[in-house]
Amino acid sequence: VIVMMEFSEGKSPFTVAGLLDVTPTARIAQEDRCRVVHLAGELDIAAREVVYGACVAEGHSDVIVDLGGVTFMDCGAYGWLIAARVALLERGGSLTLRSEGGAPARLLDLIADIEARVSH
Amino acid sequence: MLADVPHARPGLESDRGTTQSSGSTISGPLLHMSLLFHGDDEYIGGVVPFVEQGLAANESALMFAPIANLELVQAGLHGSADRVTFLDASDVARNPARIIPSARRFAEKHSGQRVRIVGHGIWPGRSAAEIGEFVRHEALVNVLFADVDAAVLCPCDADGVDESLIADLGRTHPHTVIDGSARPSPLFVDPTIVLAAPNRLPAAPAQAETLDFEVGDLGAVRRFVQSRAQQFGLTGSRAHDLISAVNEAAANTLNHSGSGGTLRIWTGAATLTCEVADSGHIVAAHLAGRVAPPVSALRGRGMWMINQLCDLVELRSDVSGTVVRMQVGIE
């Protein structure tokens, strides 16, 4: 795994000593032939640069977003993922979410539930 | 900074999940009926033939009710029960604002054919606030299902409910089933009248803890709710749900009201309630969060998400401001 780039919000007002680091961060790595964006921390609408910026950074087309380090995600952050997906699709690429349980699972399950029930 | 970030602000109405206007006339294919019953025999005698008629006409049928009532109808339907989708009302109807998105999903799944729905969302022990939201929900069915080819039967146990609820069922259902046939309800009124009043919630109790928040404070809002949830015995996924719901309400305030807001939090006998208040005005607030946004939508799912996460949500908005009150039960 080669770390290509790192993103984080300029301010980190929510870092609490002794607790989990909640500052949103993105680490971009190369795995085989895929760009993988490892997101971490608490992601809300303020995390635009971390979520959208890291996903659409120059040269990316096919991107896997790994949510393994995410400790909170809301609809605002999900919206930035959708915006990134739209931008990547426009340049012929793709965005794939990689999430195994964890904090974003509830939100993703509820949103996916709409799709599942409407499309079947 | 990237210059090509899509600017995802479709506007106040759609951002809070309201893209449809409220209709004031009742027309179209919907048949929306209330059924007052006394005892199990009347329940079976009212609900089972309604479902059987639909199945005989090859309609798809959905029923949500308390488990004991589902079992009565399942037994009454004999072998045809497996053709009906049964949902536990303590889940889908716990927060009445969750019913319409679920029922609409069912109707969309079976679009092109008539659907038949039994909606039994009032049961013993429902609080006054829950019943109030349920009545608003029933009024909204006439608006948000107006274009749906559906027959909807809403049974309510006539024993142990007060007269005002029975009158409200008459006000919100265009038809009432009497002796097995649907008759126009003489009490029925335009749903906008039911939804317009009362538009104010009782004030939060004086002992509520308060946090004023501004742009950049969403993390502080989450930590405030987290600490109080822990203090009041709400843990695990239930605490996470409440934190998420309050975060969405506060994010709506910051994104749309043009200023900050106030979070209040308090406990009841077996409940924890959070309220987010701001000076913004949501147009057609009664529609907010009642339709599930598409998976590909960038914005506009906050109120819908809040409705999925909480046991009861009361949203009120007028020119003087907006209040989103979110309640969860403490086991």
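**Rings and charges**

User: Over the ring of which residue does the charged end of B:Arg116 sit?
Analyst: A charge sits over a ring if NZ of Lys or CZ of Arg is within 6 Å of the ring centre and within 35 degrees of the ring normal. The charged end of B:Arg116 is 4.7 Å from the centre of such a ring. That ring belongs to B:Phe50.

User: What kind of model is this, and how are residues, chains and ligands labelled?
Analyst: Residues are numbered from 1 along each chain as its sequence is written, chains are lettered from A and ligands numbered from 1 in the order in which they are written, and side-chain values use heavy atoms, with hydrogens and water left out. Local features need pLDDT of at least 70, side-chain atom pairs count only at pLDDT 80 or more, and totals for chains, interfaces and linings use all residues, since this is a predicted model.

User: How far is A:Arg48 from the ring centre of A:Trp80?
Analyst: Chain A holds a charge over a ring as well: A:Arg48 lies over the face of A:Trp80. The distance from the ring centre is 5.9 Å.

User: What kind of aromatic pair do B:Phe37 and B:Tyr43 form?
Analyst: Rings of Phe, Tyr and Trp (its six-membered ring) pair if their centres lie within 6.5 Å; planes under 30 degrees apart count as stacked, over 60 as edge-to-face and the rest as tilted. Over all chains, the whole structure has two aromatic pairs. For B:Phe37 and B:Tyr43 the centres are 4.7 Å apart and the planes make 65 degrees, so the pair is edge-to-face.

User: Are B:Phe37 and B:Tyr43 buried or exposed?
Analyst: Buried means under 20% relative accessible area, exposed over 50%, and partly exposed in between (1.4 Å probe, protein chains only). Under that rule, both B:Phe37 and B:Tyr43 are buried.

**Chain A**

User: How many of the nine residues of helix α1 in chain A are buried?
Analyst: In chain A as a whole, 48% of the 120 residues are buried. Helix α1(A) covers residues 48–56 and is mostly covered. Its buried residues include A:Tyr52 and A:Cys55. The count for the helix is seven.

**The sheets of chain B**

User: Which residue of β3(B) stands opposite B:Ala61?
Analyst: Strand β2 (residues 60–65) of chain B is joined to β3(B) by five bridges, and the two run parallel. Opposite B:Ala61 stands B:Val84.

User: How many bridges join β10 to β12 in chain B?
Analyst: A second open sheet has five strands in the order β8-β9-β10-β12-β11 (chain B), with antiparallel pairing. Its edge strands, β8 (209–213) and β11 (312–318) of chain B, pair on one side only. Within it, β10 (residues 271–278) and β12 (residues 321–329) run antiparallel, and B:Thr273 has B:Gln327 as its bridge partner. The number of bridges between β10(B) and β12(B) is eight.

**A helix and some loops**

User: How far apart are the end C-alpha atoms of helix α10 of chain B?
Analyst: The expected span of a helix is 1.5 Å times one less than its number of residues. The 21 residues of α10(B), 236–256, should therefore span 30 Å. The model agrees, with end C-alpha atoms apart by 30 Å.

User: How many of the 21 residues of α10(B) are buried?
Analyst: The helix α10(B) is largely enclosed by the rest of the structure, because most of its residues are buried. The count is 16.

User: What is the relative accessible area of B:Asp179?
Analyst: B:Asp179 is in the loop between β6 (175–178) and β7 of chain B. Its phi is positive, near 50 degrees, in a residue other than glycine. B:Asp179 is exposed, and its relative accessible area is 75%.

User: Is B:His78 buried or exposed?
Analyst: B:His78 lies in the loop between α3 (67–77) and β3 of chain B, and its phi is near 55 degrees. With a relative accessibility of 63%, B:His78 counts as exposed.

Note on methods. Pairing = 2+ DSSP bridges. Helix = DSSP H or I, 4+ residues; strand = E, 2+ residues; numbered from the N terminus.
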